[in-house]
Amino acid sequence: MCNEFCDHCYADSGPNGTHGTMTVLDWRRCIDQFADMVGRDVQFIGGEPTLYPHLPEQITHAHAAGLGIEVFSNMTFIREHLRETFKACGVELASSYYSDQAQEHDQVTQLRGSHRRTRANIAKAVEPGIPIRGGIVATPANQRVQEAATDFQGIGVGHVGGGRVRAFGRASQGAAPTVADLCGHCARGKCAIGPEGDVWPCVLGRFIALGNVHAASLAEIWNSARTVNARAEIATVHGLKPAESCTPPQFLPNCGPCQPCPPSVGHCDPREADGQLATATIGRTRVNAEP
């Protein structure tokens, strides 16, 4: 479920979406299983996770389990009690942005007033010191990408990355998804759980089913032959080698060998990172949850 309806949405989310079949207890069970696997970070994404009525209690549960937490939101619907939960649980935020001009931004999101609300809520998050990073996906021709990045930073967003439209969800325009259009590092230290309990190598790789948490535990799925084979298949297509140096930050936190660092790692600047920091995110398990 999402209150926006972007043409490039990889998840095919929108106002007519649902929260799926995963119950509050199902999500808690997954969080506990992930923590038992010595997982480090959980990212609540979607869709729009702030529309999920039980997000505050899920964040609190993940925090109590000792996990680092990031919420990836369009920042149009941040209620005060949710903001308080962010602060209390040390949540980091991530958001997308498309233009410094309201009309162009709203044209992408297809939600009137989204630019104004996103900008205002980011400013409210920055003021009490909630960490926030931003990403800009280039969608229409002549989009004001550089101006958007400058405006984003002007609000107080300290880390801004960029990304391209990938042929998944609505952006595929009916084309079949391919492994080649993934970043290639899927299921390597991260996985994603969808609203129906399906486990994928990453939020974009939902056409590759690894299992379902309604039928097996997260650990069983992660260590299954299916996951091992999928990881190998993806790596083969991309000809992957272990990352030896930090690469420029990507928009999505699960794209690239060294992306905007998850909460347990902290921030590393690609221009300053040495080899040790560059591989800090490799091998650290991360899970994305789509309530």
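Start with S73, which, leaving out residues up to four places away in sequence, touches E48, T50, I78, A94, S95 and S96. Contact here means heavy atoms within 4.5 Å. S73 sits in the loop between strand 2 (68-72) and helix 3 (80-88). Helices (H or I, at least four residues) and strands (E, at least two) are DSSP runs, numbered from the N terminus. S73 has a relative accessibility of 1% and so counts as buried. The cut-offs are under 20% relative accessible area for buried, over 50% for exposed, and partly exposed in between, with a 1.4 Å probe and protein chains only.

Before going on, a word on where this comes from. This is a predicted model, in which local features need pLDDT of at least 70 and side-chain atom pairs count only at pLDDT 80 or more, while totals for chains, interfaces and linings use all residues. Residues are numbered from 1 along each chain as its sequence is written, and side-chain values use heavy atoms, with hydrogens and water left out.

How confident is the predictor, on average, in this protein? The average pLDDT is 84, and 84% of the residues score at least 70. pLDDT is the predictor's confidence in each residue, from 0 to 100. Over residues 243-285 the pLDDT is below 50, and this stretch has 89 contacts in the model beyond near neighbours in sequence. Where pLDDT is low, the predicted coordinates should not be read in detail.

As for the overall make-up, the protein has nine helices and nine strands. Of its 291 residues, 53% are buried. Among contacts with a separation of 6 or more, 66% are between residues 24 or more positions apart.

M75 is at 0% relative accessibility, so M75 counts as buried.

V38 also has a positive phi, near 65 degrees, and is not a glycine. V38 is in the loop between helix 1 and strand 1. Is V38 buried or exposed? V38 counts as exposed, because its relative accessibility is 60%.

One more backbone item: the peptide bond joining G46 and G47 is cis, with omega about 5 degrees. G47 is in the loop between strand 1 (41-44) and helix 2. As background, most residues other than glycine have a negative phi, and most peptide bonds are trans.

F86 lies in helix 3 and counts as buried at 1% relative accessibility. Setting aside neighbours within four places in sequence, F86 is in contact with I59, V71, I78, V91, L93 and I130. The C-alpha atoms of F86 and P131 are 9.9 Å apart, and the two residues are 45 apart along the chain.

A192 is in strand 6 (residues 190-193). With a relative accessible area of 0%, A192 is buried. Which residues does A192 touch, not counting those up to four places away in sequence? They are D198, V199, W200, P201, C202, V203 and N288. A192 and N288 are 96 residues apart along the chain, with their C-alpha atoms separated by 4.4 Å.

Last, helix packing. Helix 1 (residues 24-36) packs against helix 2 (residues 55-64) at an angle of about 20 degrees, the axes being 10 Å apart. Helix 1 is therefore roughly parallel to helix 2. Axes are lines fitted to C-alpha atoms, for helices over the stretch in contact, and angles run from 0 to 180 degrees between N-to-C directions. Angles under 35 degrees count as roughly parallel, over 145 as roughly antiparallel, 65 to 115 as roughly perpendicular and the rest as oblique.

From helix 1, V24, W27, R28, I31 and D32 meet E57, Q58, H61 and A62 of helix 2. By class, this contact has four nonpolar, two polar and three charged residues. Ala, Val, Leu, Ile, Met, Phe, Trp, Tyr, Cys and Pro count as nonpolar, Asp, Glu, Lys and Arg as charged, and the others, Gly among them, as polar.

Helix 5 (residues 114-126) and helix 6 (residues 145-155) pack at about 40 degrees, with axes 9 Å apart. That angle makes helix 5 oblique to helix 6. H115, R119, I122, A123 and V126 in helix 5 meet D151, F152 and I155 in helix 6. Five nonpolar, one polar and two charged residues make up this contact.
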